[in-house]
Amino acid sequence: MDRYPDILEDILHSDENSDDEWDMLLAETKREEESRSKRRNKHRGSVPGHRIIRRGRVEGHERLYHDYFAPNCVYDAFFRRRFRMGRPLFLRIVNGVEQYDPYFVQTTDAIGNLGLSSLQKVTATFRILTYGTPADSVDEYVRIGESTAIESLRRFVQAVIAVFGDEYLRPPNNNDIARLLAIGEQRGFPGMLGSIDCMHWKWKNCPTAWQGMYTGHCHEPTIILEAVASQDLWIWHAFFGLPGSLNDINVLERSPVFATLTEGRAPPVNYRINGHDYTMGYYLADGIYPNWSTFVKTIPCPQELQRKHYAAAQESIRKDVERAFGVLQARFAIVRGPARFWDEETLAYIMKACIIMHNMIIEDEGATNDNDFDGSGENPIVQVSHVHTPEFVDFIQTHHQIRSNASHSQLQSDLIEHLWQRYGQ
């Protein structure tokens with residue numbers, strides 16, 4: 001009523017207090033109270049009218065613990081299927097995330113009630129990542145609200161990248177290069193470091209103003225992931241975030257896949273094929289990639305027996321990256337189905353975190369042989385370098401060597417002859 005002092009004063013000092021004036025005052029007062037009530041309902045927390053759901057968070061934690069984490073848990077045989085990894089690896093991730101972000105530490109509120117535990121928050125996040133389900137679908141079992149599940153997911157993927165990214169999403173070190181070269185030699189491709197390709201992730205909630213930019217051959221908005229994978233499905237390179245209207249060549253021009261090579265910081269790669277020496281490793285790629293010395297492609301419509309044999313070998317081994325994409329999507333269904341988040345930053349965090357955990361699972365399950373994943377003794381801690389940087393002329397020379405069509409043709413001819421002499425005859 002303090003907003004209408006003039007009206008109230010006129011009514012009190014008027015000799016003729018009409019019913020219309022009182023009705024007007026009552027109407028204004030009613031509108032003011034309704035406006036205040038609406039403003040109160042927009043607030044969250046301990047305010048009048050706020051709905052509180054007694055979910056039973058403590059009971060939910062106890063049920064989750066006895067089902068999956070107790071010494072004689074109920075679903076011990078199903079843990080690997082439902083969490084996509086073994087229990088020790090899962091607990092390692094939980095401990096690392098909990099130490100990095102206090103958000104995952106269980107706390108009490110002002111009246112002493114226990115909040116959600118780290119197991120509840122991380123389990124809800126894993127259910128969303130592995131099954132691709134909406135955030136509110138985990139409420140019935142984990143006893144966690146939709147908004148809390150989304151917040152847990154956002155913080156979890158960022159924590160995984162911060163804690164494990166340097167170890168499990170890094171370029172290969174000297175030991176890795178030696179192992180990859182040995183595997184390539186055994187498979188008939190000396191100098192091979194893996195295979196490269198791109199994958200599209202559908203963006204369901206792409207803003208309308210951006211849909212034209214993100215829509216390509218899939219006829220719906222997508223975001224592109226460029227990756228390099230080896231035979232054991234370890235993903236060594238991941239470049240994510242470009243719109244789906246681009247093709248693999250456009251992505252390659254913006255990708256840092258050869259950044260360390262052009263800057264002179266890549267580990268040395270030396271091998272010999274058919275009497276010719278080479279100093280740069282290469283990736284197996286499909287036909288859309290350019291004829292660079294760092295790519296080995298198939299031969300379309302080969303006619304000779306040697307070329308047919310080479311094309312069959314290249315196309316079969318190049319499927320390593322396709323297999324890596326398939327396993328990644330099978331383990332984490334969220335990257336197989338349509339993305340429901342609105343911002344690109346969260347999608348990038350989710351994709352990188354899934355790739356990191358994918359590599360952690362490969363290491364934990366022993367899919368690799370004698371691999372020094374921690375890089376101890378090979379790649380020391382990065383420090384500021386005060387040595388003379390490579391000259392710009394050297395940078396340009398390496399850049400031209402990578403894009404050399406002549407080296408690409410020579411390497412392909414040597415590989416055709418090498419494979420035929422080794423396996424074809």
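1. Basis. In this predicted model, local features need pLDDT of at least 70 and side-chain atom pairs count only at pLDDT 80 or more, while totals for chains, interfaces and linings use all residues. Residues are numbered from 1 along each chain as its sequence is written, and side-chain values use heavy atoms, with hydrogens and water left out.

2. Cavity. The structure holds 1 cavity of 30 Å³ or more (a set of points on a 1 Å grid over the protein atoms alone where a 1.4 Å probe fits but cannot get out). The volume of the largest cavity is about 60 Å³, taken as the space filled by probe spheres set on the points, which are joined across faces, edges and corners.

3. Lining. Residues with an atom within 4 Å of a point form the lining; among them are Arg-187, Ser-230, Gln-231 and Asp-320. Helix H9 (174–186) and strand E1 (192–202) each supply at least two lining residues, and E1 gives the most, with 3. Helices (H or I, at least four residues) and strands (E, at least two) are DSSP runs, numbered from the N terminus.

4. Trp-201. Strand E1 also contains Trp-201. This residue is buried, with a relative accessible area of 2% (buried means under 20%, with a 1.4 Å probe and protein chains only).

5. Surroundings of Trp-201. Its contacts (heavy atoms within 4.5 Å) include Phe-240, Pro-338, Leu-347 and Met-351, not counting residues up to four places away in sequence. Met-351 lies 150 residues from Trp-201 along the chain, with 9.5 Å between their C-alpha atoms. The Trp-201 side chain reaches the backbone oxygen of Ile-334 at 3.1 Å and that of Gly-337 at 2.9 Å.

Conventions
On a 1 Å grid over the protein atoms alone, a cavity is a set of points where a 1.4 Å probe fits but cannot get out, and a pocket is an open set with protein on both sides within 12 Å along at least five of seven lines; lining residues have an atom within 4 Å of a point. Buried means under 20% relative accessible area, exposed over 50%, partly exposed in between (1.4 Å probe, protein chains only). A polar contact is a pair of N or O atoms within 3.5 Å; within protein, one must be able to donate a hydrogen and the other to accept it, and residues adjacent in sequence count only if both atoms are side-chain atoms.
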